[in-house]
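User: I'd like to go through this model with you. Can we start with the charged pairs, then move to the packing?
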Amino acid sequence: MNQKLTAILAGSILALACLPATAFADAAAGKTVFDANCSSCHGVSGKGDGPVGAALNPPPRDFTVGEFKFDASGNGTPGEDEDLTLVIQKGAMAYGGSALMAPWPTLTDQQIADIILHIRSLKQ
């Protein structure tokens, strides 16, 4: 392979690696996973008003507001995709939040990226 083609391929791979996790996510697939796993607390519309969520204190996060409090990655910017991924995987308690936001370690990276894209689409 010539050097120019090798450099182009390497640059393309690097560019893809720098894309956020949600770059290849599917909001419709995220809604399906969200509805099955998250809506009982967060509600189908993401307002934190699910049937289980109504009994929780503190109440679940209202995703329609679009504000996230955890800087799980520790980089000084809360609410980035990486932060949401970590909270979904490990639960909020791992980052000083409520134990009621349980970890979801069985979700795949793709499912989490899909959920995050769906959650972001709920902001009003």
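User: How many salt bridges are there?
Analyst: The count comes to two salt bridges. Keep in mind that this is a predicted model.

User: Which residue does Lys31 pair with?
Analyst: Asp35. Their side chains meet in a salt bridge, N to O at 2.8 Å.

User: OK, and what does Asp81 pair with?
Analyst: Asp81 forms a salt bridge with Arg120. The closest N and O atoms are 2.9 Å apart. This pair links distant parts of the chain. Asp81 sits in helix 4 (residues 81–90) and Arg120 in helix 5, 39 residues apart.

User: Is Asp81 buried or exposed?
Analyst: Asp81 is buried, with a relative accessible area of 15%. Arg120 is partly exposed, at 34%.

User: Switching to packing. At what angle do helix 2 and helix 5 cross?
Analyst: Roughly 95°. The axes of helix 2 (residues 27–37) and helix 5 (residues 109–121) come within 7 Å. That angle makes helix 2 roughly perpendicular to helix 5.

User: Which residues meet there?
Analyst: From helix 2, Ala27, Ala29, Gly30, Lys31, Val33 and Phe34. From helix 5, Gln111, Asp114, Ile115, Leu117, His118 and Ile119. The residues of this contact divide into seven nonpolar, three polar and two charged.

User: Lys31 again. Where have we met that one?
Analyst: In the salt bridge with Asp35.

User: Which residues of helix 5 are buried?
Analyst: Ile112, Ala113, Asp114, Ile115, Ile116, His118 and Ile119.

User: And what covers them?
Analyst: Helix 2 and helix 4 are included in what covers the buried residues of helix 5. Helix 4 also holds Asp81, the salt-bridge partner of Arg120 in helix 5.

User: Last one. What span should helix 5 have, and what does the model give?
Analyst: At 1.5 Å a residue, its 13 residues should span 18 Å. The end C-alpha atoms of helix 5 are 19 Å apart, which agrees.

How values were computed: Residues numbered from 1 in each chain as written. Predicted model: local features only at pLDDT ≥ 70, side-chain atom pairs only at ≥ 80, totals over all residues. Heavy atoms only, no water. Axes fitted to C-alpha atoms, helices over the stretch in contact; angles between N-to-C directions. Helix = DSSP H or I, 4+ residues; strand = E, 2+ residues; numbered from the N terminus. Parallel < 35°, antiparallel > 145°, perpendicular 65-115°, else oblique. Contact = heavy atoms within 4.5 Å. Nonpolar A, V, L, I, M, F, W, Y, C, P; charged D, E, K, R; others polar. Salt bridge = Lys/Arg side-chain N within 4 Å of Asp/Glu carboxyl O. Buried < 20%, exposed > 50% of the residue type's maximum accessible area, 1.4 Å probe, protein only. Expected span 1.5 Å × (residues − 1).
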